[in-house]
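Here is a short briefing on one protein chain. Keep the sequence and the 3D view open as you read.

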Amino acid sequence: MIAYIKGQLTTIEDTAIIIETGGIGYEILCANPFRFQEVINQEVKVHTYHYVREDQQTLFGFKKKEDKQLFAQLLNVSGIGPKGALAILGTVSVPEFVSAIEQEDDKYLTKFPGVGKKTARQMILDLKGKLVVWLPDEQNEDTIFYQDGLTTQEKRGRIEDAIEALKALGYTDKEVKLVKTELEKAKEGSVDDFVRQGLQLLMKK
């Protein structure tokens, strides 16, 4: 099992990033590769899940260890494959997903691509009670999701990066323009936070 890869981020593609280390370029599939845009050509550490089947070996990559751990848990749910698990992680934060599971909110869960009511109920059945370690402490919730102290210019720059990432995922200028207005009202955060919030807003439209 390859737990993580540390090396230079050389390429960002629509569905993957390439990290070079020891003269080898590793292609790593990600939920949203453009979340790594701010560290292109720099050394990065990516948590990886080595997916092995008789006819396939694939590396899936994650910025945070808890994202990787949730991905692994989702693969244990009947009806959820790697693509489905990756799509879920691309549109929601781990604590938000865990909250939906614990509240048995199948209506929320069926918003994810490829998740019907039957699969949503299966996720609740298989995962409820197993993920509560990732629920945020209410007193510290803001510090988990957002970074304080951004200047207006820094926040605007991160939102612009997030908008470009959404466009790269296929959303139109008209769609992202509406999302941008909402993001400007949002709490401070990283590019990753703004991309995730943008995807959540687009799912509601």
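This is a predicted model: local features need pLDDT of at least 70, side-chain atom pairs count only at pLDDT 80 or more; totals for chains, interfaces and linings use all residues.

The chain has nine helices and five strands. Along the sequence, the pattern reads β-β-β-β-β-α-α-α-α-α-α-α-α-α.

**Whole chain**

- The chain has 205 residues, and buried residues make up 42% of them.
- Take the contacts in the chain with a separation of 6 or more: residues 24 or more positions apart account for 56% of these.

**Helices α1 and α2**

- Two packed helices are described by the angle between their axes and the distance between the axes.
- Helix α1 covers residues 65-75 and helix α2 covers residues 82-89. They pack at an angle of about 140°, and their axes are 9 Å apart.
- That angle makes α1 oblique to α2. The limit for roughly antiparallel is over 145 degrees.
- The crossing of α1 past α2 is right-handed.
- On the α1 side, the contact is formed by Asp67, Leu70, Phe71, Leu74 and Leu75. On the α2 side, Pro82, Ala85, Leu86, Ile88 and Leu89 meet them.
- By class, this contact of α1 with α2 has nine nonpolar residues, no polar residues and one charged residue.

**The buried side of α2**

- Which residues of α2 are buried? They are Pro82, Ala85, Leu86, Ile88 and Leu89.
- These residues cover an arc of only 160° around the axis, so they sit on the same side of α2.

**Helices α8 and α9**

- Helix α8 spans residues 173-183, and helix α9 spans residues 191-204. Their packing angle is about 120°, with the axes 10 Å apart.
- α8 and α9 are therefore oblique to each other.
- This crossing of α8 and α9 is right-handed.
- α8 brings Glu175, Val179, Glu182 and Leu183 to the contact. α9 meets them with Phe194, Gln197, Gly198, Leu201 and Leu202.
- The residues of the contact of α8 with α9 divide into five nonpolar, two polar and two charged.

**The two faces of α8**

- Val176, Val179 and Leu183 are the buried residues of α8.
- Seen down the axis of α8, they fall within an arc of 60°, so they line one face of the helix.
- What does the face of α8 turned away from its buried side carry? It carries the exposed residues Lys174 and Lys177.

- Glu66 lies in helix α1. Its relative accessibility is 30%, so Glu66 counts as partly exposed.
- Leaving aside neighbours within four places in sequence, Glu66 is in contact with Val94 and Trp134.
- Glu66 and Val94 are 28 residues apart along the chain, and their C-alpha atoms are separated by 7.2 Å.
- Asp192 is found in helix α9. Is Asp192 buried or exposed? Asp192 counts as buried because its relative accessibility is 5%, and buried means under 20%.
- Not counting residues up to four places away in sequence, Asp192 touches Arg35 and Lys63.
- Asp192 is also 99 residues from Ser93 in sequence, yet the two are 9.9 Å apart in space, C-alpha to C-alpha.

**Positive phi in loops**

- Most residues other than glycine have a negative phi.
- Asn41 has a positive phi, near 70°. Asn41 sits in the loop between β3 (24-29) and β4.
- Asn41 counts as exposed because its relative accessibility is 51%, and the cut-off for exposed is over 50%.
- Glu104 also has a positive phi, near 55°. Its place is the loop between α3 and α4 (106-109).
- With a relative accessible area of 33%, Glu104 is partly exposed.

How values were computed: Residues are numbered from 1 along each chain as its sequence is written. Side-chain values use heavy atoms; hydrogens and water are left out. Axes are lines fitted to C-alpha atoms, for helices over the stretch in contact, and angles run from 0 to 180 degrees between N-to-C directions. Helices (H or I, at least four residues) and strands (E, at least two) are DSSP runs, numbered from the N terminus. Angles under 35 degrees count as roughly parallel, over 145 as roughly antiparallel, 65 to 115 as roughly perpendicular and the rest as oblique. A crossing is left-handed if the near helix is turned anticlockwise from the far one by less than a right angle, and right-handed if clockwise. Contact means heavy atoms within 4.5 Å. Ala, Val, Leu, Ile, Met, Phe, Trp, Tyr, Cys and Pro count as nonpolar, Asp, Glu, Lys and Arg as charged, and the others, Gly among them, as polar. Buried means under 20% relative accessible area, exposed over 50%, partly exposed in between (1.4 Å probe, protein chains only). The arc is that of the directions from the helix axis to the C-beta atoms.
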